[in-house]
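Please look over the sequence and the structure shown below before reading on. The report that follows takes up the chain as a whole and then some of its parts in turn.

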Amino acid sequence: MGLSISRTTAKILSAIFGLCLALPLLPVAAQAKKATAARYEEKKRQTNDIAVSIVVSGLTCTCARFAEDIRNVVNDLRPEGIRVLPVLGVGGLQNLNDVLFLKGIDMGVVDEDNLTLLKKRDPQLYANIEQSVQYITKLYNSEFHVLARNDIKSFDDLRGKKVSFNLKDSQTEVTADIIFSMLKLDVQRLNYDNDEALKRLRNGEISAMIILSGAPQAAVVKVRKEDGVHLLSLDERSLPNHDLHPMFARYLPIELTHEQYPALIPEGTAVSTVGNRSLLVTYAWPENSPRYSKIAKFVREFFGKIDQFHDGSRHPKWEEISLAADMPGWTRFKPAADWLAEHQNVALKPAFDQFVQSYAPTSGQKGISDKERELLFVKFQQFLQSQIAAPAAAR
């Protein structure tokens, strides 16, 4: 009996001793847990502080490739860096609505006429949209592609036929609606994404599909000669009974080339069409707010690395970017305007390079000297200033 009591007592004493040893460790464990929680919150803060989003259309859209290029060049995942998150949207009017209303969307790729179209749809709801959504820069030209079956020779042959206008409220649908209304063409309008539309076009379920995007467009590049389709021309020669002057006044006359679509356009020929300018826009947060500061930082990083988009490894449409281009009816995002004012020479460089190429002697002759190039740039700047001053004087 005494031995039993002794063992029990020993167990109790051992448990008490172990508990005494563990008591000092409890605050240490609590502190470690608290430190981990603090690190978690700090990591979450840093991750969100450097992230900006750009809403684009589908994966085959040129704007998606542009967003990817921007991400690859601008991304800096350090705590003080900037991170670009491309977001797949619908395009066109919906992208503009997403920038205006959707939480978490900082920027978007839209076309220049989206702003006036939304104001026309609902003048009260979008009364001050040009102040709420502002443009950062013109990116590239979007070409109007109409892929039709070979029995369709011109736009007039589409009357009464089934035509895919792409997704609802996409930029393709918006522009196609305007152009077909201008041409007074009544068709059976359907809304399919590019892949679905191309499948139905190949098997003869629809007569044509429309895509408004920068050429070369990924879905159109996939088309083969044996698919039995071709690109329709949009010009006075193919539509002699239409007055196309209002259309050309609204849109840019553009040609699709063999180099862009070798399977669809014979070498040495082109397909005439029209185009619209695609813009990178942002929500205009109040100055000095965290979101405003973050987008301003993105603008500085993006504009400051603009030369890296012209090195041949990026989409060929980067040759069409114009940081300094003015968009009538739109308001320029102030950090973008401030950067351009401070770096005028950098912003004008791509346009000047094109100017020099057109000025330089033909191949086989001596190129211009550095001194001549410098003098040319001065004249180029003076010319641009005169063009800017002329409209201001007219007002």
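## The chain as a whole

Among the contacts in the protein chain between residues at least 6 apart in sequence, 77% join residues that are at least 24 apart. The model is a predicted one, and its protein chain has 14 helices and 10 strands. Of the 395 residues in the chain, 43% count as buried, while the chain exposes about 21,400 Å², of which carbon and sulfur atoms supply 54%.

## A buried strand

Strand S3 covers residues 107-111, and since five of its five residues are buried, this strand is largely enclosed by the rest of the structure. Met107, Val109 and Asp111 point one way from S3, whereas Gly108 and Val110 point the other way, and all of them are buried.

Two other strands pair with S3. Strand S1, residues 51-56, runs parallel to S3 and is joined to it over two bridges, and here valine 55 has glycine 108 of S3 as its bridge partner. Strand S10, residues 270-283, runs antiparallel to S3 and is joined to it by five bridges; in this pairing, methionine 107 has threonine 282 of S10 as its bridge partner.

## A helix with one buried face

Helix H8, residues 194-202, has Asn194, Ala197, Leu198, Arg200 and Leu201 as its buried residues. Seen down the axis of H8, these buried residues fall within an arc of 165°, so they line one face of the helix. An α-helix has 3.6 residues a turn, so residues three or four places apart point the same way. The buried residues of H8 pack against the strands S4, S5, S7 and S8 and against helix H9.

Glycine 204, which follows H8, has a positive phi, near 85°.

In soluble globular proteins, nonpolar side chains tend to be buried together. The largest nonpolar core in this model has 45 residues, and those with the most contacts inside it are Phe144, Phe155, Ile179, Phe180, Leu183, Leu234 and Trp330. Helices H4, H5 and H7 and strands S4, S7 and S10 each supply at least two residues of this core. A second, separate core has 34 residues, including Val52, Val74, Val109 and Ile321.

Leaving aside residues up to four places away in sequence, tryptophan 330 touches several residues, among them Leu96, Val110, Leu115, Val133, Tyr135, Leu279 and Val281, as well as Asp111, Glu112 and Gln134.

Conventions: Residues are numbered from 1 along each chain as its sequence is written. This is a predicted model: local features need pLDDT of at least 70, side-chain atom pairs count only at pLDDT 80 or more; totals for chains, interfaces and linings use all residues. Side-chain values use heavy atoms; hydrogens and water are left out. Buried means under 20% relative accessible area, exposed over 50%, partly exposed in between (1.4 Å probe, protein chains only). Helices (H or I, at least four residues) and strands (E, at least two) are DSSP runs, numbered from the N terminus. Two strands pair if DSSP finds at least two bridges between them. The arc is that of the directions from the helix axis to the C-beta atoms. Contact means heavy atoms within 4.5 Å. A nonpolar core is a set of buried Ala, Val, Leu, Ile, Met, Phe, Trp, Tyr and Cys residues joined through side-chain atoms within 4.5 Å. Accessible areas come from the Shrake-Rupley method with a 1.4 Å probe; for residues, only the protein chains shown count as cover.
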